[in-house]
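Student: I would like to learn how to read a protein model piece by piece. Could we go through one together, with the general idea ahead of each case?

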Amino acid sequence: MESKGSGAFDFMPEKQGLYDPRFEKDSCGVGMIADLEGQPSRATVENALLILENLDHRGARGCEVDTGDGAGMLCGTPDGFMRRQFKDVGVDLPASGEYAVGNVFLPRTEQGLAEGKRILESTCASVAGLKFLGWRPVPVDSDCLGKSARLVEPVIEQCAVAADGPLQKDSRRFEAALYIFRKKVKNASDALPDTPVYLCSLSSRVINYKGMLTCPGLARYYPDLLEDDFESHVALVHSRFSTNTFPSWRRAHPFRYLCHNGEINTLRGNINAMRSREGIMSSVMLGPQLKECFPLVELDQTDSGIFDNVLEILTLAGRTLPEAILMMMPQAWENSTDLAPELRDLLKFNAAMMEPWDGPALVCFTDGTGVGACLDRNGLRPCRYYVTKDKKIILSSECGVLPQIEPESILTKGRLSPGKLLWADFASGKLMGDGEIKQELARTQPFGKWIQEESLSMEQLVKELAAGAEVPPSAHTSANRLSALRTFGYTHESLDLLLLPMGRDSEEALGSMGNDTPLAVLSRTPRSVFDYFYQLFAQVTNPPIDPIRESFVMSLACYIGPEQNVLARPEPLHCRRLWLEKPCLLPAEMQAILNVGGRFNGWRVKTLDTTFPKSEGPAGLQRNLERLCSEVVEAVAKGCEVIVLSDESVSQDWVQMPSLLVCGAVHHALVAQKQRSKTALIINSGDPHEVCHHALLLTFGADAVCPYMAYEALIHLREEGKLTGMDDVPNYKIFANYQKAVGKGLLKIMAKMG
């Protein structure tokens, strides 16, 4: 294949010499250096800048060579430097730890700049325990910016805020008050579209210098970083490659706690879950002003920025950084056979509190009191580290970022493995490995005892509440089964080509890649709502996971049911949920859920009909969908812990609303009211039968799906004699084969996201 001419936008040179275009790759670059004993020095900052320059190849440029996708440094607040600089503008800073300094991006217009400053000063006055001290213009060299970056360059100033009263001697509450201040500023500026205000950070411990810069351009743009008394004990640096997003000043890394190489593939679900949790959130540390901080997630940020938002609130509410990271990025534990029992219990307990933020990721993080790094459960991003004899730790996306390190000065070196974590605590001067960190966390509470006493598995539920394994899927009989199958859109092809191998062999049918049917949106014949959706594949550099050979890192198991306050300290109530191994429910499992009725932790189950009178015509669909959403929201507000949406009452005069439409509408109605985390959402419907139908329903918010007509279809195939060799096999085992096939198919779909 010939390469295109250099005038083409996708020009790629031909293979020549040692160059091969197949090896072209892109990714962000992460670096960190710290003094294990927390001693600030100029060398730490200089080495961090050198690391950043040596990660330049991992970043990206815009249409000009001097416009970068983003570069930045998060480091300890240089106390001596800040005192000297603020004294020059007439501000005397209090003792170290009793003030915070943050870099603020402000509008360039005179009116916008004045309004932005007014918002900060007036908001500070509204937060108890804070005192606004003053402003310092940050010197910058705009001549090093490319045209694109300069067109959107903000005014950058530093604000100084002091702790007042009891907060002077309480650093945790001071940090919490600073968070409330910053969130209130964010909400106030969002209400004024022409007055964007962005605080890169605001902390008594760390400060963040970043922007739409190249790696070498960071120090040129911010002369502060070159001053002799700009010292730090820790520094995180990041070189950004903004894949599929526009570079911007606020989206540059690091964020307030972390920098990140990778992507969060579960982001949409994570955002909805966090929004729902706001309805039950409270915090002793943040108090009643927490509600003024909503929304906690900043939707104008990237996946990394949103991850940082959640890590920040978990930490401020009382968790340590390693504890919060382990909660958000757990290792692959569900299929592991060699985990210590107490660690397995901790990870399962955490699963009851929060779903994983999954995707390839190297996350490096600090709050100024320590520094750490963590790798995703698949280990799809590189991370190397050195510990030197003079008690320095250097960590990066690759080796060689500090070439002047002599081999004889290295005490130990290594790499992070999948799902592993390390943490350096500056107060103790101790570097803790993965096993030590997790063992220490696992022993803080009797998590196993809590799980045993408070949570329930589906196996236990069926044993206690179902009338045996041979539960009929629905009330249909041989006489009306065929007409019901037609009603829900089943065809001879779906029965013989799709469902037959699932019920007989526990496998999805194999077929060719070709599909010459018209797109549903262009088709002239009625199509299922499911047909309007296609799978979203990974958008960056992730290879697909092999769901067979890499099954160790994949699982369908999760908790369902009402959550508790995620900001509270761990307690037994957090695991008072139902553990579900597979989201496709068997008839016996569906019956057990319907029979809960107060028998498990007082849970109430409400079944809502998803059919409507045929006489109302097409207009009745929207009207009844809105009615259903209102009924669900009302039921959850009254304390209903399980909602079952069922179309079993479909008949000649009552037509079903498409289950996918119902599921999505109800889920988002609950999310909008911040009620979703208070209930389990079960779909009991006749139209899902293909694997992609299950995947779509789970994607649109269902916790579990009982495809009762798929089971009826298997009975129909059996009655027709098509399930050869299975005459003596009971129905429930055929249903279990179908359930297993759905599980395999879901893992295969998930695997394509990488």
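Tutor: Let us begin with a definition: a residue is called buried when its relative accessible area is under 20%, exposed when the value is over 50%, and partly exposed in between. Please also keep in mind that what we are reading is a predicted model.

Student: Which class does Trp450 belong to, buried or exposed?

Tutor: Trp450 has a relative accessibility of 8%, and because that is under 20%, it counts as buried. Trp450 is placed in helix α12, residues 447-454, and beyond its neighbours within four places in sequence it touches several residues, among them Phe349, Pro570, Pro572 and Cys575.

Student: Now I would like to turn to strands. What is covered on the faces of strand β25?

Tutor: The general idea is that side chains in a regular strand alternate between the two faces of the sheet. In strand β25, residues 704-707, Ala704 and Cys706 lie on one side while Val705 and Pro707 lie on the other, and all of these are buried, which leaves both faces covered.

Student: In which sense do β24 and β25 pair, parallel or antiparallel?

Tutor: Strand β24, residues 680-685, pairs with β25 in the parallel sense, over four bridges. Within this pairing, Val705 of β25 is the bridge partner of Ile683, and Pro707 of β25 is the bridge partner of Ser685. To get from β24 to β25 the chain passes through helix α19, residues 691-699, and this β-α-β crossover is right-handed.

Student: What is the order of strands in the open sheet of four strands?

Tutor: That open sheet runs in the order β20-β22-β24-β25, with parallel pairing. Its edge strands are β20, residues 605-609, and β25, each of which pairs on one side only. On average, neighbouring strands of this sheet are turned by 20° against each other, direction ignored. Helix α18, residues 659-672, lies across β22 and β24, and runs at about 165° to β24.

Student: My next topic is helices. At what angle do α10 and α11 pack?

Tutor: In general, two packed helices are described by the angle between their axes and the distance between the axes. For helix α10, residues 341-353, and helix α11, residues 434-442, the angle is about 75° and the axes are 9 Å apart, which means that α10 is roughly perpendicular to α11. Glu342, Leu343 and Leu346 of α10 meet Lys438, Leu441 and Ala442 of α11, and by class the residues of this contact are four nonpolar, no polar and two charged.

Student: How far apart are the axes of α7 and α18?

Tutor: The axes of helix α7, residues 267-277, and α18 are 8 Å apart, at an angle of about 50°, and these helices are therefore oblique to each other. On the α7 side the contact is made by Asn272, Arg275 and Ser276, and on the α18 side by His667, His668, Val671 and Ala672; the classes here are two nonpolar, four polar and one charged.

Note on methods. Residues numbered from 1 in each chain as written. Predicted model: local features only at pLDDT ≥ 70, side-chain atom pairs only at ≥ 80, totals over all residues. Heavy atoms only, no water. Buried < 20%, exposed > 50% of the residue type's maximum accessible area, 1.4 Å probe, protein only. Helix = DSSP H or I, 4+ residues; strand = E, 2+ residues; numbered from the N terminus. Pairing = 2+ DSSP bridges. Right-handed = clockwise from strand over helix to strand, strands pointing away. Axes fitted to C-alpha atoms, helices over the stretch in contact; angles between N-to-C directions. Parallel < 35°, antiparallel > 145°, perpendicular 65-115°, else oblique. Contact = heavy atoms within 4.5 Å. Nonpolar A, V, L, I, M, F, W, Y, C, P; charged D, E, K, R; others polar.
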